[in-house]
Amino acid sequence: MRLKLGTLMLAMSAGPVALAQTCAPTAITPYVNVNGTWTQTSSATLKLGSSAIFGPQPTSGGSWSWSGCGTAGASREQTISPAAACTATATYTNSCGAKSQQAFSVGVGTWASAKFGGGGYVTGLVFHPKTKDVLYARTDVGGAYRWDAGTSSWIAINDGFTAAEGFYHGVESLAVDPTNDQRVYIVAGMSASADPTARLYISSNRGNSWTYVNLPFSAGGNNNGRAIGERLSVDPTNPSILFYASRTAGLWKSADSGQTWSQTGLSSTKMTQDQINNLGGQVMGVEQLIFDNSAVGGGATTWIMYATIAPDYVSAAGLSSNLYKSVNGGASWTPVATPVTGYHIPHVVRASDGMYYVLFTKGSGPGAGGPARFYKFDGSNWTLLNSNDNAGYGGVSVSGTGSTARIALGVSGTWGNYNGQQIVQLSDDGGRNWREIEAQTPGVTASGWVDDIEIDPFNRDRILHVHGGGIIETRNASASAPTWSNAINGVEETCTLGLKTPPAGASYAFINSSGDVGTWLHTNLSTAPTLSPNKSWNNGNSADMAWSDPTYIVASGRVNNPDGSAAGVGYWSGNGGQSWASFSSLPTGASTNTSEASNVAVTTRNNVVWAPADSVPSYTTNNGASWTATNLPALAIQGGVPRSYRMVADRKNPNKVYAYDSGGAWWTYTPAKVYVSTDGGHNFTLSQGSVSANMRFAPWGSSSIAVNPYAEGHLWVADGLAVYRSVDSGATWTKLTNFAPIWNGRNDWLGPEVSGASIVALGKPKAGASYSAAVYVVGVINNVWGVWRSDDAGATWTRHNDDAHQYAGVGVMAADQATYGRVYVGGTCRGVNYSN
C-alpha cells in the first residue's frame, strides 16, 4: 500500500511539470514607432537625439520585461532615446508561464561614403559560376566588395574590420564556393615576408560577417603581381578542399574548409627573408592552381590539377618548369613542358570542354609590358592564339567552347587611347581572329593595368576589367564599337592623408587630401568632386583655409616627375577652389621632403605656415612669394621614419599658432611637446606645461593636435596613448584618464597594437551642451576601439561609430562645423566616410 501511495504521489507531483513542458511560448511580433509611424520590424536607425517606441505584440494575456537600450519596467511599450547603437531584449511570459524573447536592434545615426568613385587599383573580379549577379571585387589596399544588382552598385564587405586589421585590408585573393553561393573566402595581408602573417577570412553570408584563420604563410595584397591568380582555389566538386598558391612557401592544401593547412608535395621550400629581400621584397612564388574536374561527380574529390609557378620560385625550389601537374590531389607532381620559359603565368582558364587557355607574360605586373604570349593547351599540345612583343597580357576570360568560344584578352602596359592601340582584344571564334573592342570606342577607356578581365557567365555581352582607378565594363560587347562605362558606384578606394573642414557657411563641406588622386574640395557628399588644383595622378598631403575667409585655401602635396622622382608642390585658391595657382616659391625642404608627414596652417589670407617633412617650418606673409624659417628647432629623423610638426591656427585669434612635435616614433623616448606662437606663426615658445605633462612620444600617424574653433586657446592633443586638454593656449595641460591603448603583448618599443588615442577633432556643439564644441577622439575606452564623442569637454564619452563601421582603422578625421554629430573619417584606403 505504501508503494502504491508513493507511486501515486510521484505521479501527482509529475503532473504540473508535464503541463509546463507542453505550455508553448507565444510568438512575439515586433513593432517600432519612429517619427510617429508604427512599422512591423525589429530594427531601426535613429538620428542622434531622437527617440523611438518599441511596441511588441501580443497586447494582452501575459507580462513583459525588458533589458538594454535604456528600457526598464514591465510596460509593453518602451520609449528610448539612445546615445549610441544598442540592442534591447523584450521577454514575454504568457499566461501558462512560457517565455519568449525578441531582440530589437537600434542604430544611432548612419554612415555613408562621400562619393569620389574608385580612386584605387581593383586587382580581381570573381563571379559565382552558378548564381547570376553574385560578383565580388578585391582591391590591393581597400578591402573587398560585393556587387548589388538591385542598385547597380558595390557594397564594401570589410567595413567591420577593426583597427587592428588594417594590414588585412590588402586582399591578395578571393574565392567562392561553387556549390554554395553564400560562402566566400578572402586571403589577406598587405605585404609578403618570411613570417606567417596572412589570414583566411571566411563568410557564410556573402561577406556580411566574417571569421578568420591565421595562415602558415604570408600574403602580398599590395605587392607587385597582386592581380595574379586567383591564388585561392576551391575544389568545384568537393568544396571542403582548398588550395593556396603562396608567394614564399609553395603550394598549400586544406581538407577542412580552410581551418588547417599543410604543404603539398610540389615543394617544401620556404623562402627566407634574405631571399625575399634580394628580390626587392617582390616575390611571386606559386601563382595559381587549376582543377581538371572532368568526369568528377558531385561530392567527389578532384584529383587532377595543374599549378603555375613564377620564375623566382622555380629557381628557389629547384624546379624545372613553370607548370606542374598532379594526378593524386597534390601529393606528387610532374613538370609539364611549356612553349616559353622564364615567364609568369598570371591567369589560366579551363573551359568546360577541358581546354586550357594560358597567358604567358614576362613581367609580373601591375601593368606588365611585353613580351607576352597566349596559348591554348589540351593537356598534350600547345597552340599559339595571340602574341605581343610590346605589351603584356594581364587577364583572360572564356565563354563557350571550341570554335565558337568567346575569348576576352586584357592587354596590359599600354597607355592612352589611340588608333591601333590594344586594350581589350576579343575573339568570337576560339582565338583564330581578334578585334579591339575598347580603344577608340564610345564612352570611357581605361588602359594600362588591365590585369584581370571577366565575361559575365550569364551574359556574354557583359565584359568587365580592372584598372588602376577601379573597374569599367561594357554590356554590348558584340557591337561593332562597344560602349564602355565606369562600374565603380560604391567603390571608394582612395587613401586619405588629410581632411579639413571649413567654418559653417562655406561653399564646400571639406577638403580631401589623398594619395595618388591629390587634393579635392567636396561640395556635395553624394556626387564626385570636381574642384582640384591638379587632376592628374599626384599626392595631396595637407590643406587648410583662412577661418575668417574660407575662400582662401592652401594645399600641399607631391607630384611624380617623368624620371620617377618626386617633387613637392604648393597651391592656393582665392575663390573657394574655383581656380588655383601654384605658389611662386616653396619653403626650404618642401620640394624634396615630400612625405605625407607634412602640413600647412593658414592664419589669414596670404599668411601661411608650412611644415614640410623633416624640415624646419617656414612662413609667408605674401602668398608664397617668399618664405622665412620659423625659430622652431629642427627635428631629428628617427630611424628613417618621416617626421614633422603638426601646425594648427587658433580659429578665434589668428595671431596664435600651435606646433606639436609628437616625438617621431614609438622607440625614440623623446617626449612630445607643444610650441606656441603669438605673432602668426613666425616665432614660437616651448610650452613648459606640455613638457610637464609628459606626453608620450609617438609616430606622426598615431598622434594629433586640434583647436576648439569656438574658444580661443582651447587645445586638444591625442598623443597615441591618451588625450590632453589645455584651456590657456598650452600653458597648462590636463590629462584625461578615459583612454588607454591595447598592447596585446607588444612591448613599449614597438608601440601598442591599437593606439589609445590617435586623432582628436572638434566640431559643432550639441544644442544646450555644457562645452562649446563636440569633441571626437579615435581611440580605446574600456578596451573598445572606436570614434568616441564627448559633449561635456571630456567628462563623459559615447561611442560614435559601431562595429559595422570601423573601416580597418581610422587614419584621419575632421568634424563638421555646420552639422552636429557629423565627422568625416578616412579608413584604411576606404575613401572618406561620414556620420549622420
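What relative accessible area does Arg206 have?

Modeller: Arg206 has a relative accessible area of 23%, so it counts as partly exposed. Buried means under 20% relative accessible area, exposed means over 50%, and partly exposed lies in between (1.4 Å probe, protein chains only).

First, the ground rules. This is a predicted model: local features need pLDDT of at least 70, side-chain atom pairs count only at pLDDT 80 or more, and totals for chains, interfaces and linings use all residues. Residues are numbered from 1 along each chain as its sequence is written, and side-chain values use heavy atoms, with hydrogens and water left out.

Confidence comes next. The average pLDDT of the chain (the predictor's confidence in each residue, from 0 to 100) is 94. A score of at least 70 is reached by 97% of the residues. Residues 1–21 have pLDDT below 50. Beyond near neighbours in sequence, that stretch has 0 contacts in the model, a contact being heavy atoms within 4.5 Å.

Back to Arg206. Its side chain meets that of Asp181 in a salt bridge, 3.1 Å from N to O. This pair links distant parts of the chain, 25 residues apart. Asp181 belongs to strand S15 (residues 180–188). Arg206 sits in the loop between strand S16 (199–203) and strand S17 (211–214). A salt bridge here is a side-chain nitrogen of Lys or Arg within 4 Å of a carboxyl oxygen of Asp or Glu. Strands (E, at least two residues) are DSSP runs, numbered from the N terminus.

The structure holds 25 salt bridges. One of them joins Asp461 and Arg406, with 3.2 Å between the closest N and O atoms. Again the pair links distant parts of the chain: Asp461 lies in strand S35 (residues 459–467), Arg406 in strand S31, 55 residues apart. Asp461 has 24% relative accessibility, so it is partly exposed. Arg406 is buried, because its relative accessible area is 1%. Glu77 and Arg76 also meet through their side chains, at 3.5 Å from N to O. Glu77 is partly exposed, with a relative accessible area of 38%. There is a network of salt bridges too, linking Asp133, Asp456, Arg462, Glu473 and Arg475.

The strand of Arg406 leads on to a sheet. S31 (residues 406–412) pairs with S30 in the antiparallel sense over 7 bridges. Two strands pair if DSSP finds at least two bridges between them. Across this pairing, Gly395 stands opposite Gly410 in S31. The open sheet has 4 antiparallel strands in the order S30-S31-S32-S33. Its edges are strand S30 (392–399) and strand S33 (435–436), each of which pairs on one side only.

Another open sheet of 4 strands runs S45-S46-S47-S48, with antiparallel pairing. Strand S45 (599–604) and strand S48 (628–629) are the edge strands; each pairs on one side only. S48 meets strand S47 (residues 618–620) over 2 antiparallel bridges. Thr628 in S48 is the bridge partner of Tyr619.

Strand S5 (residues 63–67) shows two faces. Trp64 and Trp66 point to one face and are buried. S5 pairs with strand S7 (residues 86–93) in the antiparallel sense, over 5 bridges. The partner of Ser67 in S7 is Thr89.

Now some loops. Leu531 lies between strand S40 (518–522) and strand S41 (539–546). Leu531 is buried, because its relative accessible area is 13%. Leaving out residues up to four places away in sequence, Leu531 touches Thr519, Trp520, Leu521, Thr523, Gly576, Gly577 and Gln578.

The loop between strand S56 (734–736) and strand S57 (757–763) holds Leu750. Thr737 is found in the loop between S56 and S57 as well. Leu750 has 41% relative accessibility, so it counts as partly exposed. Thr737 is exposed, at 73% relative accessibility. The C-alpha atoms of Thr737 and Gly768, 31 residues apart along the chain, are separated by 25 Å.
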